[in-house]
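I'm opening my notebook on this one and jotting down what I look up as I go.

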Amino acid sequence: MSVAAPPFVSTRLLRRLAALTLTFAFVAVAIYGWRVHTVAGRTRLNALAEVDLRASQLAAAVAGHLEANIHAVDFALTHLRDEYQERHSLDVDVRSIYESFPADSVAQIGIIGADGYLAWSSAGGGGRVYLGDREHFRIHADQAVDRLFISRPVLGRASGTWSIQFSRPILAKGKFAGVIVLSITPAFFVRGHDGLGLGAKDTVAVLRSDGSYLARTPQLADSLGKTVPADRPFLGENPPRRGAFRQRAAFDAVERTYGWHRVGDYPLMVNVGIDEGAVLAPVEEDIGRNERYAFIGSLLMLLLAAGVAFLLRRSASQQEALAASEMRHRAFFEKNTSVKLLVDPSDGRILDANPAAAAYYGYPHEILTGLRITDINCLPPEEVKAEMALAKSEQRQYFNFRHRLASGAVRDVEVYSGPVEVDGRRLLFSIVHDVTARHVLERKLAASETLHRSLFQTMAEGAIVVQRDGRIAAWNQAALSILGVDEEGLQNRKVAVLNADGETLPVESYPTLRAARGEQLDHALYGVRREDGKCVWTTVSSRPLDGDGGTGEAAAVLSFSDITPLVEAEESLRLAQSVFDVAGEGIMVTDADSRIIAVNPAFSRLTGYGAAEVIGKTPSLLASGQHDAAFYAAMWQRLLHDGHWEGEISNRRKDGSRYVEWLRITVVPERPGHGRRYVALFSDITERKREAEAVWHQANFDNLTGLPNRKLLEDRLKRAVAQAHRKHTTVALLFIDLDRFKPVNDHYGHAAGDELLRQVARRLEHCLRDEDTVARVGGDEFVAVLPDLRLAEAPIRAAEKIVAVLSEPFRVGEHFVEISCCVGVALFPKHADSAETLIGRADAAMYAAKEAGRATWRSA
């Protein structure tokens, strides 16, 4: 059967069409979105351009209106000045001005003299009022030029109201003679703004060229006294007369489009601000509506494209799945390693065979498919036909045959066969398995079973097979002999079973029943008390036979051996081992080559080495290095000669610390199968020796300075005198007494005195040789013994050195103290012939040195 290639071309085209559909949809949506965004931006710009134009137009209109009003104010101001200079009465003209201007527009009319004091006011009032510090006075007084000046809003000192001063100078023959002032309220500048059609956040502001507010609609009162930021384009030197800009207002933080226009030739600007938010709100609403429509349309378009793409890809996946399914079913037949045949049951012709079948039978595919099943089946044709009929009618599906290969070899096969429909025909589909090897193995297993049955009956160990319900199913003769029962006694469990401690077990704890429950025993120790009263010890092991759990099936096999002699021997060994383990002394056993073969717990406790660390090594790992080769040679000579050795020895623990032990070694002679052994028992006597040494040290050394005391001094002096007598050498004895020690003790305390004595002891030790002895014999008295002297001047140099060293200052705590000493020197045999006499002569010489003065020495 050949395998056709799947239709990859059509599915590939469908997937490409799906990808193109999605790509086209995304590109179209992106272009449409860009177009909507562009139109929205252009709409905003057009709206802002209209705002710009309207703000500029309103600013020009307000500036023109304001210019006319300022001309009227200037005309009235000039007329009054002329009347005043001609000394006419001003009452009629003032009344006319008040009536001609809108109500509450004129706050006051006044004349300020050249001295700065108010000369006349329409408001009347008495007293002299100084206005010479006002801006509208100072500008004219400093510059005698006839021009109109418009001031910043001024808060009246007396009235407490805001006003803007329109002023001109009064000139007499070209000289400054005062100022005439027309005070206008800020409301004068905002009249008529209500008719401009302003929005809630639109503004109209009248500003001076320095940026200060003269008026503002709305919030007039809040603007007075304030200025706009200096970065506004209508401020600075020579700004444009008109223009527009966009800015967030510093006054109320509203984003506006501003148009400004200069008021004639006056230093004033009209700045109209249009709220962009109010203008753009309907525009943004239209833009948002259009964008929502665009989003919905784009989403629908994408969903439609996604649906089309999904249908195209699903169609491609279905075609691929069909192709894959066909390939799998073809591969199941052709690529499978099992032998498969397609047979026509009517005549037995082999219609198709897979490569595995051709390889198995040894025929080429075209020859195999030309054979009949009877050509390879060893049964007679009639039986083959009958078997095929059974398979066709599904009465049987499993058959055992012998098939002949092309080579002539005959193989045992299992055939699984059933009917299949192919092109409207009912054929047999057969799967063939070669079971020749299995049949051979089954025959071998049968022979093996016979062999094992024979072994079961003839083996020396007892063997019992138990079933899952606990019944004993099989046993051998050795089992009956070891247990001392017959078959009936075995099956009824008439013998008593003991545990390892000799206690009788309940029946449910018998090893046969434990094994039946699935427990595995490994060399478990059990005792059996036979009917004759004898106790037999056995070691029992068990293993499960199968795991199917069928009721009544064999569950486990037990094997057991009579180990009664071994148990008795083990008991004897256990007793010896107990003694070995609990002994308080360390025990070490070595072989003839001095290799350690056993140690007890006390050994590990005393040395720090575990058994695993020393087994196989020699005892030399414990050596402290304190004993030389001659010591060990003598020990071994005595051990080999006498068979034992006992004595004190110094060894080293695992942590490096040294200890002293009392060691006893015994030789165990050779015996058959075993070489010579050495058994060593030892105990740690370190602490006992340390206590003895401490007692000796306390009896022979000074507790404060650590120097030898008088007792040890006398002993060493006697030995030195005896040695000098034998060797004909000299012994010097230096008696040292400290000067000025008592004042130190009294002034600084006994602790300081003790510290000073310790420092004196260290200095004396450093002055002398290692073989010399320095001892403390009294409170501040020391004696030095210098043995084996051969130079006559050696004692003198030693005395001078001691005097010099002890005369140097001592640091005691936070203080420096100075003392000295007197030294008496006596020599053996020159000055005395015994140790006692030598001490007396040196003591006398020391007192002679004290009488001669401090820090000196004298000889006997």
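This is a predicted model: local features need pLDDT of at least 70, side-chain atom pairs count only at pLDDT 80 or more; totals for chains, interfaces and linings use all residues.

**Aromatic pairs.** I started with the rings, and the count came to 16 aromatic pairs. Take Phe-245 and Tyr-258: their rings are stacked, with 5.1 Å from centre to centre and 20 degrees between the planes. I checked where they sit, and this pair links distant parts of the chain, with Phe-245 in strand β8 and Tyr-258 in strand β9 (residues 255–262), 13 residues apart. Are Phe-245 and Tyr-258 buried or exposed? Both are buried.

Next I looked at Phe-631 and Tyr-632, which form an edge-to-face pair: 5.4 Å centre to centre, 85 degrees between the planes. Phe-631 has 23% relative accessibility, so I wrote it down as partly exposed. Tyr-632, at 25%, goes down as partly exposed too.

Arg-763 lies over its face, 3.5 Å from the ring centre.

**Strand β29.** I turned to the strands and picked β29 (residues 781–789). Why do I call β29 largely enclosed by the rest of the structure? Because eight of its nine residues are buried. Then I looked for its partners. β27 pairs with β29 in the antiparallel sense, over seven bridges, and in that pairing I found Ala-732 opposite Leu-786 of β29. Strand β28 (residues 773–776) also runs antiparallel to β29, and four bridges join them. There, Ala-775 stands opposite Val-783 of β29. How many residues make the hairpin from β28 to β29? Four residues do the joining.

A reminder to myself: most peptide bonds are trans, and most residues other than glycine have a negative phi. I went looking for exceptions.

Thr-217 and Pro-218 are joined by a cis peptide bond, with omega at about 0 degrees. Pro-218 is in the loop between β7 (213–217) and α5 (220–223). I noted another cis bond between Phe-828 and Pro-829, where omega is about 10 degrees. Where is Pro-829 found? It's in the loop between β32 (820–828) and α23 (835–852).

On to phi. Asn-238 isn't a glycine, yet its phi is positive, about 50 degrees. I located Asn-238 in the loop between α5 and β8 (242–248). Asn-238 has 76% relative accessibility, and the cut-off for exposed is over 50%, so it counts as exposed.

Arg-740 also has a positive phi without being a glycine, near 60 degrees. This arginine, Arg-740, is in the loop between β27 (730–739) and α20 (741–748). With a relative accessible area of 35%, Arg-740 is partly exposed.

**A nonpolar patch.** Last entry: the surface. Which residues make the nonpolar surface patch of about 670 Å²? I listed Tyr-293, Phe-295, Ile-296, Leu-299, Leu-300 and Leu-303. I followed up on Leu-300, which is in helix α6 (residues 276–334). Its relative accessible area is 54%, so Leu-300 goes down as exposed.

Terms used: Residues are numbered from 1 along each chain as its sequence is written. Side-chain values use heavy atoms; hydrogens and water are left out. Patches are made of residues with over 30% relative accessible area and no salt bridge: like charges are joined within 9 Å, nonpolar side chains (Val, Leu, Ile, Met, Phe, Trp, Tyr) within 5 Å. Accessible areas come from the Shrake-Rupley method with a 1.4 Å probe; for residues, only the protein chains shown count as cover. A salt bridge is a side-chain nitrogen of Lys or Arg within 4 Å of a carboxyl oxygen of Asp or Glu. Helices (H or I, at least four residues) and strands (E, at least two) are DSSP runs, numbered from the N terminus. Buried means under 20% relative accessible area, exposed over 50%, partly exposed in between (1.4 Å probe, protein chains only). Rings of Phe, Tyr and Trp (its six-membered ring) pair if their centres lie within 6.5 Å; planes under 30 degrees apart count as stacked, over 60 as edge-to-face and the rest as tilted. A charge sits over a ring if NZ of Lys or CZ of Arg is within 6 Å of the ring centre and within 35 degrees of the ring normal. Two strands pair if DSSP finds at least two bridges between them.
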